[in-house]
Amino acid sequence: MKEIVTMTPDITPIVAGNWKMNGSGNSQSMVRELVEGFDTELRQKVDMAIFPPAILLERVSNWLGDATIASGAQDCHANASGAHTGDTAAEMIVDAGGSMVLVGHSERRVDHNESNKIVATKAEAAWRAGLVAFVCIGELEAERRSGNTLDVLAEQLAGSVPDGANAANTVVAYEPVWAIGTGLVPEASDVEEAHAFIRKQLVERFGNGGATMRILYGGSVKPGNAGELMAIKNVDGALVGGASLKSEDFLGICEAYRNMT
Ligand code: PGA
């Protein structure tokens, strides 16, 4: 494991847990363990957020109480209200105590045919309600194999991050689709290249807002690889799926930041 450990100045990293469609039955004990384990020293080094299923959000937010752990939803609709059966408005996420929302996760892009354009309208809806939008992007395995990763990232960034993005209202999550839930992780040099490319695109488009926007890595982050991944330049935290479902593992990922300066 590499020994590095400098954080990008002016950026507080964030470790975010995407519970996906999990958490039934044991969510209260998970939240309690996170609140207990996220100690003062760690809180000064890294932010923490959890994204439970929408139906659990209000309870999770209440259980978090005044702990400095943010909560959010995994998706929102573009509209504030209306005839959209089964959907959740960004404003309702705020009502449920959330301050953030994931938009454009690859599972939404695939399962629900979400295009870049749809993702962008959801990010705008998030801002309208005062939420931070976590815009997820990432290449498919075939796109990586054919050498198109950076082109795909450029297209997704251009199409799914709306004008008006800044470091306060937007987080970009780079998640190679082939690394999600598979245990496969790109080489550190590939992560570094992708994040440097994303940073460059964000700076070109948003200036200082892009220079200080958080860029998370996601895809099979575990306690065992978090130290190496989180130390890569322009990696400002992690979006964690599977390993966010065990508080010990999720806290173990946050531990990567304890000794960073
Ligand atoms: P994983 O999921 O950590 O289970 O790979 C990441 C994600 O989908 O956000």
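This is a predicted model: local features need pLDDT of at least 70, side-chain atom pairs count only at pLDDT 80 or more; totals for chains, interfaces and linings use all residues.
1. A residue is called buried here when its relative accessible area is under 20%, exposed when that area is over 50%, and partly exposed in between, with a 1.4 Å probe and protein chains only. By that criterion Pro13 is buried, its relative accessible area being 4%, and Pro13 is placed in the segment before strand 1 (14-18).

2. Residues are numbered from 1 along each chain as its sequence is written, and side-chain values use heavy atoms, with hydrogens and water left out.

3. Helices (H or I, at least four residues) and strands (E, at least two) are DSSP runs numbered from the N terminus, and two strands pair if DSSP finds at least two bridges between them. On that basis, 8 strands close into a barrel in the order 1-2-3-4-5-6-7-8, with parallel pairing. Neighbouring strands of this sheet are turned against each other by 25° on average, direction ignored; angles run from 0 to 180 degrees between N-to-C directions, and axes are lines fitted to C-alpha atoms, for helices over the stretch in contact.

4. Strand 2 (residues 47-51) and strand 3 run parallel and are joined by 2 bridges, with Ala70 in strand 3 as the bridge partner of Ala49. In a regular strand the side chains alternate between the two faces of the sheet. In strand 3 (residues 70-73), Ala70 and Gly72 point one way, Ser71 and Ala73 point the other way, and all are buried.

5. Strand 4 (residues 100-103) pairs with strand 5 (residues 132-137) in the parallel sense over 4 bridges, and Leu102 stands opposite Phe134 in strand 5. Helix 6 (residues 116-129) packs on the sheet, touching strand 4, strand 5 and strand 6 (170-174), and its direction makes about 160° with that of strand 5; contact means heavy atoms within 4.5 Å.

6. The axes of helix 1 (residues 27-37) and helix 12 (residues 247-254) come within 9 Å and cross at roughly 30°. That makes the two helices, helix 1 and helix 12, roughly parallel, a term for angles under 35 degrees, with over 145 counted as roughly antiparallel, 65 to 115 as roughly perpendicular and the rest as oblique. Met30, Glu33, Leu34 and Gly37 of helix 1 meet Ser247, Phe250 and Leu251 of helix 12.
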